[in-house]
Amino acid sequence: MSVIEKKLKDRSDSKCELCGNPHDLVVYNIPPDSKDTLNDSILACKTCVGQIENPETTDPNHWHCLSDSMWSEYLPVQIVSWRMLTRLKKNDLLEMMYLDEEALEWAKATGEGDDDEGKIVHKDSNGNILFDGDSVVLIKDLDVKGANFTAKRGAAVHNIKLVWDNAEQIEGRVEGQHIVILTQYVKKTK
Ligand SMILES: [Zn+2]
């Protein structure tokens, strides 16, 4: 075991510093220019590292852990959490994070989030940008496939979730049903 790996295991109690998994742990040197030290590396499981390094394999369901890891007392863990929250567009959580100017510059160094223009931006029928946690109303009656009910025009949907890899879709609850809604049929109310 390398010295850095030993130190990271002490720091993390031998668990993935992102998701808490105690298995398949590796040292993740934070790009772009980690010196393989405690200050620019984290201990993470292969699942986390695999998804970090291959964005197309990102599974949003794996990353609920970020709402804990973002509060880590260790800056390297915060940096990686920030990058993944950015990739998954968790703006409600990102707004709560505090990184000083230097840390923010480091967090942005790999360009995570840079290419968002013209890529995945969720907009309502009026062109207003939607975020996780927003409230919207439906602007037309929508037949819900498979659920055999119609979500009525004017129905309010609170605390929406963006479908992170599809700019046309959001998720939310209407009359107790969890449904996917096309952004062109909603209007933001807050
Ligand atoms: Zn992990």
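Over residues 7-53 the chain is 30% helix and 21% strand, with the end C-alpha atoms 23 Å apart; helices (H or I, at least four residues) and strands (E, at least two) are DSSP runs, numbered from the N terminus. The model is predicted: local features need pLDDT of at least 70, side-chain atom pairs count only at pLDDT 80 or more, and totals for chains, interfaces and linings use all residues. Residues are numbered from 1 along each chain as its sequence is written, and side-chain values use heavy atoms, with hydrogens and water left out. UniProt, in an unreviewed entry, places the feature "domain: PhnA protein N-terminal proteobacterial" at residues 7-53.

The zinc ion is coordinated at 2.3 Å by the SG atoms of Cys16, Cys19, Cys45 and Cys48 (donors are N, O and S atoms within 2.8 Å of the metal, or 3.2 Å for Na, K and Ca). The donor residues follow the spacing C-x2-C-x25-C-x2-C. Cysteine 16, in the loop between helix H1 (3-12) and strand E1 (25-29), and cysteine 48, in helix H2 (residues 46-53), are 32 residues apart and link distant parts of the chain. Both cysteine 16 and cysteine 48 are buried, that is, under 20% relative accessible area with a 1.4 Å probe, protein chains only.

A separate open sheet consists of 3 strands in the order E7-E8-E9, with antiparallel pairing; two strands pair if DSSP finds at least two bridges between them. Strand E7 (161-162) and strand E9 (177-182) are the edge strands, each pairing on one side only. E7 is joined to strand E8 (residues 169-174) by 2 bridges, and lysine 161 has glutamate 171 in E8 as its bridge partner.

How values were computed:
Buried < 20%, exposed > 50% of the residue type's maximum accessible area, 1.4 Å probe, protein only. UniProt positions renumbered as here; feature names shortened; annotations may be inferred.
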